[in-house]
Amino acid sequence: LMTKPFGEMLVALGMISQHRLAAPETVALMRVVMSETARFPELGDLAYRGFVGNLEQMMVAVFGQREESAALSLPARRRLASLFLDRLVGADMLRILLGLSGISPHEQKQRAERARDETLKAIESELASANADGRRTG
């Protein structure tokens, strides 16, 4: 995956991320967490860090390893990872949690492509700003 062109890799990671979040076992666990957060409020934070936090960490690592984004500071990589994942999750996640169907694989790919496009623009802007200021990003 890491040998693919940067944009293709982002789309592939976007598809993987959407698949993981919508997987039946993830959805089942999210439902349990939601039902128990009234009694155990810390479960919400733990679950979020487990579901989304791990995906964000994966993206931060990818941004740090790829030539196209390696010059980004750690705070910038974190912001961009959050931006990328934020663009992948929509109202369909609520449909899935409620036991309804989510979006099609074609729609997931379109969402991943939009996330890629926005992320690439944000990386380009961040790097251009840092170069103009003569500093590392972030």
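**From a loop to the core**

Guide: Let us begin with Thr-37, which sits in the loop that links α2 and α3. Please keep in mind throughout that this is a predicted model.

Visitor: Let me step back to the whole chain. How many helices and strands are there?

Guide: The protein chain has 6 helices and 0 strands, so that reading from the N terminus the order of elements is α-α-α-α-α-α. Its C-alpha atoms fill a box of roughly 50 × 35 × 25 Å along the principal axes, and of the 138 residues in the chain, 36% are buried.

Visitor: What share of the contacts joins residues at least 24 apart?

Guide: Taking contacts between residues at least 6 apart in sequence, 69% of them join residues at least 24 apart.

Visitor: Which residues have the most contacts inside the largest nonpolar core?

Guide: That core has 31 residues, and those with the most contacts inside it are Leu-10, Leu-21, Met-59, Phe-63, Phe-84 and Ile-123. The elements that contribute two or more residues to the core are α1, α2, α3 (42-65), α4 (74-86), α5 (92-97) and α6 (105-133). Of these, α3 gives the most, with 8 residues. As background, nonpolar side chains tend to be buried together in soluble globular proteins.

Visitor: Pick Met-59, then. What is Met-59 in contact with, sequence neighbours aside?

Guide: Once the neighbours within four places in sequence are left out, Met-59 is in contact with Leu-10, Leu-13, Ala-81 and Phe-84.

Visitor: Now the helix packing. At what angle do α1 and α3 cross?

Guide: The axes of α1 and α3 cross at roughly 170° and come within 11 Å. Because angles over 145 degrees count as roughly antiparallel, α1 is roughly antiparallel to α3. The crossing of these two helices is right-handed.

Visitor: Which residues meet there, in α1 and in α3?

Guide: From α1 there are Phe-6, Met-9, Leu-10, Leu-13, Ser-17, Arg-20 and Leu-21, and they meet Phe-51, Val-52, Leu-55, Met-58, Met-59, Val-62 and Phe-63 of α3. By class, this contact of α1 with α3 divides into 12 nonpolar, 1 polar and 1 charged residues.

Visitor: How do α1 and α6 pack?

Guide: Their axes lie 8 Å apart and the angle is about 130°, which means that α1 and α6 are oblique to each other. This crossing is also described as right-handed. The α1 side includes Phe-6, Gly-7 and Leu-10, while the α6 side includes Arg-111, Arg-116 and Ile-123. In the contact of α1 with α6, 8 residues are nonpolar, 4 are polar and 4 are charged.

Visitor: And where does α2 meet α1, in terms of residues?

Guide: Helix α1 (residues 6-22) and helix α2 (residues 24-36) have axes that come within 5 Å and cross at roughly 50°, and they are therefore oblique to each other. The contact is made by Arg-20, Leu-21 and Ala-22 of α1 together with Pro-24, Thr-26, Val-27 and Met-30 of α2.

Visitor: Back to Arg-111. Is it buried or exposed?

Guide: Arg-111, which lies in helix α6, counts as buried because its relative accessibility is 14%, and the buried class is under 20%. Not counting residues up to four places away in sequence, Arg-111 touches Gln-18, Arg-87, Leu-88, Val-89, Gly-90, Asp-92 and Ile-103.

Visitor: One of those is Val-89. Where does Val-89 lie?

Guide: Val-89 is in the loop between α4 and α5, and with a relative accessible area of 39% Val-89 is partly exposed. Apart from neighbours within four places in sequence, Val-89 is in contact with Leu-21 and Arg-111.

Terms used: Residues numbered from 1 in each chain as written. Predicted model: local features only at pLDDT ≥ 70, side-chain atom pairs only at ≥ 80, totals over all residues. Heavy atoms only, no water. Axes fitted to C-alpha atoms, helices over the stretch in contact; angles between N-to-C directions. Helix = DSSP H or I, 4+ residues; strand = E, 2+ residues; numbered from the N terminus. Parallel < 35°, antiparallel > 145°, perpendicular 65-115°, else oblique. Contact = heavy atoms within 4.5 Å. Core = buried A, V, L, I, M, F, W, Y, C linked by side-chain atoms within 4.5 Å. Buried < 20%, exposed > 50% of the residue type's maximum accessible area, 1.4 Å probe, protein only. Left-handed = near helix turned anticlockwise from the far one by under 90°. Nonpolar A, V, L, I, M, F, W, Y, C, P; charged D, E, K, R; others polar.
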